[in-house]
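Here is a friendly walk through one protein model, meant to be read with the structure open beside you. Take a look at the view below, and then we can go through some of its residues together.

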Amino acid sequence: GCSKGEYKEALKLTKNAVCINNGVNIEKIDLNIIENETKKIDYNNLKICTSGRIGFQKNPEFFNQIARKFPDIEFTWIGDGDLKEKLTSPNIKITGWLERKSVLKKVNENDVFILTSLWEGMPISLLEAMYLKKVCLVTDCIGNRDVIENEKNGFIINVENFENIINKIMDEE
């Protein structure tokens with residue numbers, strides 16, 4: 001498994017499992033790409049992004065629901081996919097596929113990284129966003145909850161609480 005949670009699931013199927021956590025090589029996240037520093041959070045003008053394939057696993061319907069609740073916030077989906085028609089909220093921009101350097105730069109231009117996934121292994125995009133010091137909001141699934149400890153290094157969100165958590169972040173300043 002590439003995370004503790006995925007490893008535990010694998011053990012249900014076989015005893016021949018090992019855990020090798022995914023990680024990011026921070027030396028390969030060239031700070032020159034992101035203008036030598038991470039962007040400070042702008043609590044008065046939040047920008048929220050995610051990255052990855054716009055497919056069932058990433059739950060674009062939930063991302064769209066969140067964007068609709070916050071029409072004055074700019075949302076960006078960095079990536080593309082066959083379910084992009086689910087992203088109908090007018091405040092969502094879809095970048096299409098970008099090179100990794102451009103993805104990191106785009107994530108750094110945002111304040112909040114959100115991962116609305118239905119499942120994950122160990123999301124590299126989340127680890128990179130954390131390294132870039134983004135406020136991270138994730139759904140409660142394996143991989144996400146292996147990284148985020150609610151209200152300590154990010155927030156675990158669901159349909160019932162996402163609005164309160166985003167409002168709490170905006171009131172942070």
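Let us begin with Glu151, which counts as exposed at 52% relative accessibility. This is a predicted model, and the cut-off for exposed is over 50%. You will find Glu151 in the loop between helix 5 (144-147) and strand 6 (155-157). What is the phi of Glu151 near? The phi of Glu151 is near 65 degrees, a positive value in a residue other than glycine. That deserves a glance because most residues other than glycine have a negative phi.

Lys133 sits in the loop between helix 4 and strand 5 (135-139), and with a relative accessible area of 59% it is exposed.

**The overall fold**

Now step back to the whole chain. The protein has six helices and six strands. Read from the N terminus, its elements follow the order α-β-α-β-β-α-β-α-β-α-β-α. The protein is as compact as a globular protein of its length, because its radius of gyration of 16 Å is close to the 16 Å that the globule rule gives for 173 residues. The C-alpha trace spans about 50 × 40 × 35 Å along its principal axes.

How much of the protein counts as buried? Of its 173 residues, 47% do. Looking at contacts between residues at least 6 apart in sequence, 60% join residues at least 24 apart.

**Aromatic pairs**

Next come the rings. The structure holds four aromatic pairs, and one of them joins Phe56 and Trp119. The ring centres of Phe56 and Trp119 are 6.1 Å apart and their planes meet at 50 degrees, so this pair is tilted. Edge-to-face would call for planes over 60 degrees apart, and stacked for planes under 30. Phe56 lies in the loop between strand 1 (47-51) and helix 2 (60-69), while Trp119 lies in the loop between strand 4 (112-115) and helix 4 (124-131), so the pair ties together parts that are 63 residues apart in sequence. Phe56 counts as exposed at 54% relative accessibility, whereas Trp119, at 44%, counts as partly exposed.

Another pair is formed by Phe63 and Trp77, and it is edge-to-face, with 5.0 Å from centre to centre and 75 degrees between the planes. Phe63 is in helix 2 and Trp77 in strand 2 (residues 74-78), so this pair ties together parts that are 14 residues apart in sequence. Phe63 and Trp77 form one aromatic cluster together with Phe75.

| Residue | Relative accessibility | Class |
|---|---|---|
| Phe56 | 54% | exposed |
| Trp119 | 44% | partly exposed |

**Two loop residues**

Gly121 is found in the loop between strand 4 and helix 4. At 15% relative accessibility Gly121 counts as buried, since the cut-off for buried is under 20%. Which residues does Gly121 touch, not counting those up to four places away in sequence? They are Cys2, Ser3, Glu6, Ile142, Gly143 and Asp146.

Lys84 lies in the loop between strand 2 and strand 3 (92-94), and at 40% relative accessibility it counts as partly exposed. Leaving aside neighbours within four places in sequence, Lys84 is in contact with Ile54 and Ile94.

Thr95 gives a handy reference point for both residues. From C-alpha to C-alpha, Gly121 and Thr95 are 24 Å apart in space and 26 residues apart in sequence. For Lys84 and Thr95, which are 11 residues apart along the chain, the C-alpha atoms are separated by 11 Å.

How values were computed:
Residues numbered from 1 in each chain as written. Predicted model: local features only at pLDDT ≥ 70, side-chain atom pairs only at ≥ 80, totals over all residues. Heavy atoms only, no water. Phe/Tyr/Trp six-rings, centres within 6.5 Å; stacked < 30°, edge-to-face > 60°. Helix = DSSP H or I, 4+ residues; strand = E, 2+ residues; numbered from the N terminus. Buried < 20%, exposed > 50% of the residue type's maximum accessible area, 1.4 Å probe, protein only. Rg over C-alpha atoms; globule rule 2.2 N^0.38 Å. Contact = heavy atoms within 4.5 Å.
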